[in-house]
Amino acid sequence: MSLQLNDVLEDSLLPELPELKVIAEKLSTLLKGETIIQASVNNPLPIHGTTVDEFKETLQGKIIDGFEADGKFLLIKFRDDFEIIINPMLTGRFSVRGAGGRPSASDIFRLRFKTNSLWYSDRKKMGRVYLVSGHDYTDVAEFTNRGPSALSPDLTLKEFSRLLQRRRGEIKNILRNQRFVKGIGNAYADEILLYAGILPFRKRSTLTPEEIERLFHSMRSILTKFMDVLRERTLPEITLENRDFLMIHGKKDGVCPLCGGRVSEITANRFKTNFCQTCQK
Ligand SMILES: [Zn+2]
């Protein structure tokens, strides 16, 4: 499951906590309380730990209790403690369409309800889908042993600082590490660090308590601010991933909105990092 070279151009498309939280809100509004009349699988490749027949049979008749974002995963929750856990990776997408319709090559599965249906599609088939019962997540790759959600009310400044002290290395890598806090990826890490005025390559050990406090508050404001922007968009608009609201990530040769200076870019390990040499120290 190696990344293709041209994926460096697409890494900014990875959905992060703000996208997944808003997608979950919108899907819950549309589908909560609906009963699955029929589940069908168009491509079994991303479905792990369950046979296609098991997947279809288990889901038939299940009632949707809601959708939830958990870090970079999306959970479809059913009334009797069953869940579908999806790690959408680069190209996993959700759409609500009419009850009928034929699948296209990128469609993975469909849950059909009385008047509409939920489709999960994945052009690159890199995402992973699991059917879980009784909250047993042991087989879900990269799901357990993660840190608290970046937006959890329990994650206070004090707790954030304590968890940060245990991490070594560059601050951007720490922010993107789901074992530190969950939900932040490559794009939002750049946005948070610009807002906090901290260079992405700074070693954690060099950060002052004031900088850590700024980083914590920037993390919270950036994620909530961008969720508000996303809430104004429709589900298909969010799925198109036009993140024109980002301040700096993916804006090479653009202008920093905070100081008017030029945006810098460095690519390492296939991941793009954008930063402002004036605003960030
Ligand atoms: Zn700037």
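**Entry 1: helix H1**

I began with helix H1, which covers residues 17-31 and holds 15 residues. From its first C-alpha to its last I get 20 Å, close to the 21 Å expected at 1.5 Å a residue. I keep in mind that this is a predicted model.

Next I asked which residues of H1 are buried. My list reads Leu 17, Pro 18, Glu 19, Leu 20, Val 22, Ile 23, Ala 24, Leu 27, Ser 28 and Leu 31. After the helix comes Gly 33, and its phi is positive, near 90 degrees.

I looked up the confidence before going on. The pLDDT averages 93 for the protein, and 95% of the residues score at least 70. Residues 1-12 are another story: their pLDDT is below 50, and the stretch has 25 contacts in the model beyond near neighbours in sequence. Where pLDDT is low, the predicted coordinates should not be read in detail.

**Entry 2: the zinc ion**

Which protein atoms are the donors of the zinc ion? I found the SG atoms of Cys 256, Cys 259, Cys 276 and Cys 279, at 2.2 to 2.4 Å from the ion. Along the sequence, these donor residues follow the spacing C-x2-C-x16-C-x2-C.

The pair Cys 256 and Cys 276 links distant parts of the chain, 20 residues apart. Cys 256 sits in the loop between helix H7 (235-239) and strand S10 (263-268), while Cys 276 belongs to strand S11 (residues 271-276).

Then I wanted to know why the arrangement around the zinc ion is tetrahedral. The 4 donor atoms subtend angles of 98 to 114 degrees, and that is why the label applies. For four donors, the rule asks that all angles lie between 85 and 135 degrees. I noted the ideal for comparison: four tetrahedral donors would have angles of 109.5 degrees.

Are Cys 256 and Cys 276 buried or exposed? Cys 256 has a relative accessible area of 1%, so I wrote it down as buried. Cys 276 is also at 1%, so it counts as buried.

**Entry 3: salt bridges**

Side chains of opposite charge can pair when their charged atoms come close. I asked how many salt bridges the model has, and the count comes to 15.

I looked at Glu 16 and Arg 243, whose side chains meet in a salt bridge at 4.0 Å, N to O. Glu 16 lies in the segment before H1 and Arg 243 in the loop between H7 and S10, so this pair ties together parts that are 227 residues apart in sequence. Both Glu 16 and Arg 243 are buried. A network of salt bridges links Glu 16, Glu 19 and Arg 243.

Glu 25 forms a salt bridge with Arg 231, with 2.8 Å between the closest N and O atoms. Glu 25 has a relative accessible area of 33%, so it is partly exposed. Arg 231, at 34%, also counts as partly exposed.

I then checked Glu 211 and Arg 202. Their salt bridge has its closest N and O atoms 2.7 Å apart, and both residues are buried.

Most residues other than glycine have a negative phi.

Asn 145 is not a glycine, yet its phi is positive, about 60 degrees. I located Asn 145 in the loop between strand S9 (128-133) and H3. With a relative accessible area of 58%, Asn 145 is exposed.

Asp 253 is not a glycine either, and its phi is positive at about 65 degrees. Asp 253 lies in the loop between H7 and S10, and its relative accessible area of 53% makes it exposed.

**Entry 4: two last residues**

His 249 has its place in the loop between H7 and S10. Its relative accessibility is 3%, so His 249 counts as buried. Between the C-alpha atoms of His 249 and Ala 187 I read 5.5 Å, although the two are 62 residues apart in sequence.

Lys 158 has its place in helix H3 (residues 157-165). Lys 158 is exposed, with a relative accessible area of 71%. The C-alpha atoms of Lys 158 and Glu 213 are separated by 9.1 Å, and the two residues are 55 apart along the chain.

How values were computed
Residues numbered from 1 in each chain as written. Predicted model: local features only at pLDDT ≥ 70, side-chain atom pairs only at ≥ 80, totals over all residues. Heavy atoms only, no water. Helix = DSSP H or I, 4+ residues; strand = E, 2+ residues; numbered from the N terminus. Expected span 1.5 Å × (residues − 1). Buried < 20%, exposed > 50% of the residue type's maximum accessible area, 1.4 Å probe, protein only. Donors = N, O, S within 2.8 Å, 3.2 Å for Na, K, Ca; no water. Tetrahedral: all angles 85-135°; square planar, octahedral: opposite > 155°, others 65-115°. pLDDT = per-residue confidence, 0-100. Contact = heavy atoms within 4.5 Å.
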